[in-house]
Amino acid sequence: MKFPKLSAPTLLLLPAIIVLAAVIVLPLLFSLYSSFTPFRLTKPETIWVVIGFRNYVSALTSLEFWTAFGRTVLLLTIALNAEMFLGLGVAMLVNKATRGQRLLRTLMMFPMMFSPVLVGFQFKFLFNDNIGFVNNVLQSLGITTSAIPWLIDGNLALFSIIVAEIWSSTSVFAILILAGLLAMPQEPVEAARVDGCTPWQTFRYVTWPYLMPFAMIAMTIRSLDVARAYDIVKIMTDGGPAKRTELLWTLVGRTAYSDARMGMANAMAYISILLSILFTVYFFRKLAAARQQIGAEW
């Protein structure tokens, strides 16, 4: 039997292809297969029992799953909008700076240098109800007389997680929007000023349409990050109290490892991936529309 002769580029890429197949493709195929089984970590023999789409039906009809999905969408909506507005404000302030702009850009990127695990521990300490910095400041200023249970109360715990997400990732929006501001031609802005437009009108009808694609790129990147948020939530609250901060991927992690239901967890994970793809398609359509608008107006 004669094997086909491989070209030099193919031979050079073959080791990388083999490694990628072993590290990524095979585990993905195994997890997809196991999502059609009742596989439990405590019962390895269940990996060979095929039950079809039963796990997917159970996940899609589970109130717990859709509650976690709704909470994830709530986190995504609040965090993304807050990050966009704050990032826009920071980018415009840095763009207006006449001195020390390079230093400001470096400081603007500072929160991105921390891993999500470190951010989780940092804000878990800040919002601690006994020794936390936030409670100490509020009590020192006389705003509160007793410690606020930031990570114990369900609503406040979710708020604390949102604050941590916003602090760690606002710089993504700021950097991309600043890139748009630096690349933006000044002739339309000057023309709008000559025509008597107010600063708000200039921003609304000239600057913002040009910055929209940059904001949508940041929105797409961050939507995928928030949709699979796990580290910060796991460290700060572990989905508590009473599952009040349980998100999609913390639910998947708890189902897989705490409950040992790996088959069900993989089914939930693939449903979550499909939902993330739908969000990505939505944002890419918004990005395409913004690009068309710039092409028509500029």
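Me: Which residue lies over the face of Tyr205, and at what distance from the ring centre?

Reply: In this predicted model, Arg204 lies over the face of Tyr205, at 5.1 Å from the ring centre.

Me: How many aromatic pairs does a search of the whole structure find, and what describes such a pair?

Reply: A pair of aromatic rings is described by two quantities, the distance of the centres and the angle of the planes. Here a search of the whole structure finds 14 aromatic pairs. In one of them, the rings of Phe36 and Phe53 have their centres 5.2 Å apart and their planes at 90°, so the pair is edge-to-face. Both Phe36 and Phe53 lie in the loop between α1 (8–34) and α2 (54–60), and the pair therefore ties together parts that are 17 residues apart in sequence.

Me: Are Phe36 and Phe53 buried, partly exposed or exposed?

Reply: Phe36 has a relative accessibility of 22% and so counts as partly exposed, whereas Phe53, with a relative accessible area of 58%, is exposed.

Me: What are the distance and the plane angle for the rings of Trp66 and Phe69, and where do these residues lie?

Reply: The ring centres of Trp66 and Phe69 are 5.3 Å apart and the planes stand at 90°, so this pair is edge-to-face. Trp66 and Phe69 belong to helix α3 (residues 63–96), where, being 3 residues apart, they are separated by about one helical turn. Trp66 is partly exposed, its relative accessible area being 35%, while Phe69, at 19%, is buried, because buried means under 20% relative accessible area.

Me: Which residues do ring pairs link into a cluster?

Reply: The cluster linked by ring pairs consists of Phe110, Phe114, Phe123, Phe127, Trp150, Phe159 and Trp167.

Me: How should I read the packing of helix α4 and helix α7, and what is the angle there?

Reply: Two packed helices are described by the angle between their axes together with the distance between the axes. For helix α4 (residues 101–108) and helix α7 (residues 154–183), the angle is about 145° and the axes are 10 Å apart. On the α4 side the contact involves Gln101, Arg105 and Met108, which meet Ser171, Ala174, Ile175, Leu178 and Leu182 in α7. The residues of this contact of α4 with α7 divide into 5 nonpolar, 2 polar and 1 charged.

Me: Where is Thr144 found, and which residues does Thr144 touch?

Reply: Thr144 is found in the loop between α6 (133–140) and α7, and at 18% relative accessibility this residue counts as buried. When residues up to four places away in sequence are not counted, Thr144 touches Leu138 and Gln139.

Notes:
Residues numbered from 1 in each chain as written. Predicted model: local features only at pLDDT ≥ 70, side-chain atom pairs only at ≥ 80, totals over all residues. Heavy atoms only, no water. Axes fitted to C-alpha atoms, helices over the stretch in contact; angles between N-to-C directions. Helix = DSSP H or I, 4+ residues; strand = E, 2+ residues; numbered from the N terminus. Contact = heavy atoms within 4.5 Å. Nonpolar A, V, L, I, M, F, W, Y, C, P; charged D, E, K, R; others polar. Phe/Tyr/Trp six-rings, centres within 6.5 Å; stacked < 30°, edge-to-face > 60°. Buried < 20%, exposed > 50% of the residue type's maximum accessible area, 1.4 Å probe, protein only. Lys NZ or Arg CZ within 6 Å of the ring centre and 35° of its normal.
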